[in-house]
Amino acid sequence: MTVNMTKGQAISLQKADGGTLTAVRMGLGWQAAKRRGLFGSRTREIDLDASAVLFADKQPVDVVFFRHLQSDDGSVRHTGDNLVGGVGQGGDDEAILVDLQRVPVHIDQIVFTVNSFTGQTFQEVQNAFCRIVDETNGQELARYTLDGGGQYTAQIMAKVSRQGASWQMTALGNPANGRTFQDLMPAILPHL
């Protein structure tokens, strides 16, 4: 059963049977919003990018994004860059896979961000979402819908935090501005 998350909500990433999740996928989907023009409605391609920043004791130690598709230790992997989006109906346009059992013990938080590499604001995006899926069986565990548009070009979507031997996800949903994860670091740090 999927939990539709609200901003700031935290959920435990444990299986319904009480077992611990071993691998999750953070999926991102979106569509360009239709705009009415002089000659009818049209859409403009929008390149959103998903990134995962790995932290140890509030210090960034690695990142996974379209130019660095795998963490140095191999526990986090990006499936590839989608330059236009368009699935937006529930499937993922970009995804980041996290093997929770392989994440080094010193990594205590992974923050997921979304940014508009081409610089359009989220007013030009529709049907955007971030979701967490149990990668072992494909079951969607949680979904956070990016709604409301806005004059910003990025969002600090969610984080997973180590809680003893298990992990917890928190939907952050905080707007920011920037075209890359580097631009977003000042906006990420208050959420650690």
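Colleague: To begin, in which strand does His78 lie?

Modeller: His78 lies in strand β8, residues 76-78. Helices (H or I, at least four residues) and strands (E, at least two) are DSSP runs, numbered from the N terminus. Please note that this is a predicted model, in which local features need pLDDT of at least 70 and side-chain atom pairs count only at pLDDT 80 or more, while totals for chains, interfaces and linings use all residues. Residues are numbered from 1 along each chain as its sequence is written, and side-chain values use heavy atoms, with hydrogens and water left out.

Colleague: Is His78 buried or exposed?

Modeller: His78 is buried, with a relative accessible area of 3%. Buried means under 20% relative accessible area, exposed over 50%, and partly exposed in between (1.4 Å probe, protein chains only).

Colleague: And which residues does His78 touch?

Modeller: Not counting residues up to four places away in sequence, His78 touches Ala50, Val64, Phe65, Phe66, Leu69, Glu94, Ala95 and Ile96. Contact means heavy atoms within 4.5 Å. His78 and Phe65 are 13 residues apart in sequence, and their C-alpha atoms are 6.4 Å apart in space.

Colleague: Phe65 and Phe66 are both on that list. How are their rings arranged?

Modeller: They form an aromatic pair that is edge-to-face, with 5.5 Å centre to centre and 80° between the planes. Rings of Phe, Tyr and Trp (its six-membered ring) pair if their centres lie within 6.5 Å; planes under 30 degrees apart count as stacked, over 60 as edge-to-face and the rest as tilted. Phe65 and Phe66 are both buried.

Colleague: How many aromatic pairs are there in the whole structure?

Modeller: The search finds three. Ring pairs link Phe65, Phe66, Phe117 and Phe181 into a cluster.

Colleague: What lies over the face of Phe117?

Modeller: Arg179 does, at 5.2 Å from the ring centre. A charge sits over a ring if NZ of Lys or CZ of Arg is within 6 Å of the ring centre and within 35 degrees of the ring normal.

Colleague: Turning to the helix, which residues of α1 are buried?

Modeller: In helix α1, residues 181-188, the buried residues are Phe181, Leu184, Met185 and Ile188. They lie on the same side of α1, because they cover an arc of only 135° around the axis. That arc is taken from the directions from the helix axis to the C-beta atoms.

Colleague: What do they pack against?

Modeller: The buried residues of α1 pack against β6, β7 (59-64), β10, β13 and β14. Strand β6 also holds Ser51, which is buried with a relative accessible area of 2%. Leaving out residues up to four places away in sequence, Ser51 touches several residues, including Val64, Phe65, Phe112 and Phe181.

Colleague: How many residues does the largest nonpolar core have?

Modeller: The largest core has 35 residues, and those with the most contacts inside it are Leu48, Val76, Ile96, Val98, Ile110 and Phe112. Strands that give two or more residues to this core include β3 (23-32), β6 (48-56), β9 (94-99) and β10 (109-116). A second, separate core of 15 residues includes Val63, Val111, Ala154 and Ala176. A nonpolar core is a set of buried Ala, Val, Leu, Ile, Met, Phe, Trp, Tyr and Cys residues joined through side-chain atoms within 4.5 Å.

Colleague: What does Ile110 contact?

Modeller: Neighbours within four places in sequence aside, Ile110 is in contact with residues including Ala52, Val76, Val98 and Val160.

Colleague: Now the chain as a whole. How many helices and strands are there?

Modeller: The protein chain has one helix and 14 strands. Buried residues make up 54% of its 192 residues. Among contacts between residues at least 6 apart in sequence, 68% join residues at least 24 apart.

Colleague: Finally, where is Asp57, and is it buried or exposed?

Modeller: Asp57 is in the loop between β6 and β7, and at 63% relative accessibility Asp57 counts as exposed. Asp57 has a positive phi of about 50° although it is not a glycine. Lys58 lies in the loop between β6 and β7 as well, with a positive phi of about 65°, and is not a glycine either.
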